[in-house]
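Work through the exercises below with the structure in view. Try each task before reading its solution.

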Protein chains: 2
Amino acid sequence: MAVKISLFSHKQPPELPLLSGVRIATAKAGIKYKDCTDLLLIVFDKPANVAGVFTRSKCRSSAVDHCRASLLHGIARGLVVNSGNANAFTGHKGKQTTNAIVHSASSILKAREDEIFIASTGVIGEPMDEACILNLLPDMASTAEEGCWLEAAKAIMTTDTFPKLATRQFDFGGELVTINGIAKGAGMIAPDMATMLSFVVSDAAISSDILQMMLSEAVQETFNSITVDSDTSTSDTLMIFTTGKAKSCLPCLTSQSDPRYWIFVKHLRELLHELALQVVCDGEGARHLIEVSVIGATTNSAAKTIALSIANSPLVKTAIAGEDANWGRVVMAIGKAGVEADRDRLKIWFGEHRLAVNGERDPHYNEEAVSAYMKGQHIKICVDIGLGSGKATIWSCDLTKEYVAINGDYRS
Amino acid sequence: MAVKISLFSHKQPPELPLLSGVRIATAKAGIKYKDCTDLLLIVFDKPANVAGVFTRSKCRSSAVDHCRASLLHGIARGLVVNSGNANAFTGHKGKQTTNAIVHSASSILKAREDEIFIASTGVIGEPMDEACILNLLPDMASTAEEGCWLEAAKAIMTTDTFPKLATRQFDFGGELVTINGIAKGAGMIAPDMATMLSFVVSDAAISSDILQMMLSEAVQETFNSITVDSDTSTSDTLMIFTTGKAKSCLPCLTSQSDPRYWIFVKHLRELLHELALQVVCDGEGARHLIEVSVIGATTNSAAKTIALSIANSPLVKTAIAGEDANWGRVVMAIGKAGVEADRDRLKIWFGEHRLAVNGERDPHYNEEAVSAYMKGQHIKICVDIGLGSGKATIWSCDLTKEYVAINGDYRS
């Protein structure tokens, strides 16, 4: 099947600045496809601080297990990522493969094993031959260069139709710091599912425990607020590394009360938001970005539950694919969410157009204007529950025949 | 768009026996389409006992509100059902419409208003003109006849491609009793969603409180164990009526310790199961019936959560549409369910074929045999969690391009 590039692809991928002491190499290991870069090594010349958040799946991969355990030490010297095989649900052999890659990278980089981080994305349940990776790592470590962020983003793609990158530079209490990030989408790779991966590197000086707090904070309204199809992978991984190379006379950030804390969180959140939207926009078959905002719920958590119920509803998602302002299906999705709502207090907008109010269709609703709005690429649905001040926003994409084709056609 | 009849349609609908004192009339009210029967009246010549279960939606219709409140009285004299308009999210006007129909039927049948039950299915949010219904009810009441079950099942259809009926006759502690049931599917009616409705009538003599216990029991593993697309309607209604007309010398069943209790529940459960499977098989675009059995979970409730996570996963459902035994996606759906599971204890079967064991692919898995199995219409997925004795079964259908077309194409 020919892959169509997403409508939302960058016209020109952003150029990411160099980060001193962060060297990148990519290679073609032939894990699944020939002539594709499918292996990424990031080397931190000096120990970097590290934090991460991972899938909550009960069936997570051994790579995720290794990373979670290694975060206790909080120091990173290297990151190895392969695409083409998730090395998930591969039993004892899978753990040996993870261990072998970690062991090899730690020898080459003269680091502890818990200073090497690893992620794998691609087919589930297929044993992975580590030899093709181990053979390449020594050369990659010696040839790795600063820069190369676009190549890094490409090496971790599976069914993504475009590489995902974002960058921020800002004043961090008197010095200019940079955050670079790459991601790959929650897509499918025939014949199995893939994974959301994202890796973020900054030259700010921030301790690993503070970095973990910042990441846990910034992920809530970004990567934890998107959904393509409600399916969660066994390998989802988001990690951040800080090198401290930008620091001049400023001390390392080690406390939440340091005024730089919220400066960094703000820019990190913006960067993660940009990457997360790229993931949603490149959801399989997506032709519309859907932004669901819920206000007036009893709590923020209730608002998020309702927003997810709308954003994951196959009936809402097919309606958007059909460019239909089907607010009746939004009512249905609110009703089934299982949290407090009152039919007779709901208000529903598509864009600027209020379609429903006081438990019925808005008498002033202009069908023609709304139909024109629905032809746009970015559809905003807003719901006011009318009960409190809880609010949340979720981003999703529509459900098209191409989604079914990508995920169901390969055997037929 | 031309509607294709489901592959699972009856070759010949079952013939349902007459039930004495239960008279049925159908009519063409023109609520949405011309020349379709869209109105059903069932008259109980003598007061019938009644029980019901309803959608848990927070945005339920006024018809559902009326039925729930009227169950307190526990007696039914008439049931009015229309298709073509759900009269849901229609505000104050919608309540007036419901009240007007109930009031009219109660006058005609010389019954109390809480002895009249009502259900509406079709478009959400569209005001419904009750005049076309009120005009027809007097004639329908006087011409209603025993029998006519097939016509009743047809009158409540929306996007169903075949009428749904089932019947059971059995020895009820010394007398022969009958249960007849009709249902309509959780389908869509352009341009809005429809509803699951089911109405069951028996000539057994059972008090309304016992009937409610029986129905709540029998619904769990039948209508509460099916899913087409995880979307729940504002109007889902399942009601049962008993006339007591079969009784000879036997007393009315008024206690759970009466040995006839479980006899009735068994046959009621079988009948509801048969209707529920007809609903799933007629899910939009469905080409495969999927039966997901989970065993070995920590509790029955955990087993049901896992089974629903598998049965609702778009990735599992598209894989079945593609006739692919994609057990990696089943692992993913188990992992994301949020209840206890251990990757390394899982076993997964498709039909008789074990594909995964001990946290990895089954080494004896025969891909050719499994591929042949996947071409069948009824796909059974069994998962052993390996942690306890909790179990559950959920029935679902695959996710095809036709589903997206039915629910998204009408505006494009």
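This is a predicted model: local features need pLDDT of at least 70, side-chain atom pairs count only at pLDDT 80 or more; totals for chains, interfaces and linings use all residues.

Residues are numbered from 1 along each chain as its sequence is written, chains are lettered from A and ligands numbered from 1 in the order in which they are written, and side-chain values use heavy atoms, with hydrogens and water left out.

**Exercise 1.** Describe the interface of chain B and chain A.

Solution. 
- Step 1: Count the contacts (heavy atoms within 4.5 Å). On chain B, 70 residues touch 69 residues of chain A.
- Step 2: Find the buried area, the accessible area (1.4 Å probe) that two parts lose on being put together, summed over both. For chain B and chain A this is about 5400 Å², with 56% of it on carbon and sulfur atoms.
- Step 3: Look for salt bridges (a side-chain nitrogen of Lys or Arg within 4 Å of a carboxyl oxygen of Asp or Glu). The rule finds six across this interface. Asp344(A) forms a salt bridge with Lys95(B), and their closest N and O atoms are 3.4 Å apart.

**Exercise 2.** Where does Asn87(A) lie, and is Asn87(A) buried or exposed?

Solution. 
- Step 1: Phi of Asn87(A) is near 45°, a positive value in a residue other than glycine. Most residues other than glycine have a negative phi.
- Step 2: Asn87(A) sits in the loop between β3 (75-85) and α2 (91-109) of chain A; helices (H or I, at least four residues) and strands (E, at least two) are DSSP runs, numbered from the N terminus.
- Step 3: Asn87(A) has a relative accessible area of 3%, so Asn87(A) is buried (buried means under 20% relative accessible area, exposed over 50%, partly exposed in between; 1.4 Å probe, protein chains only).
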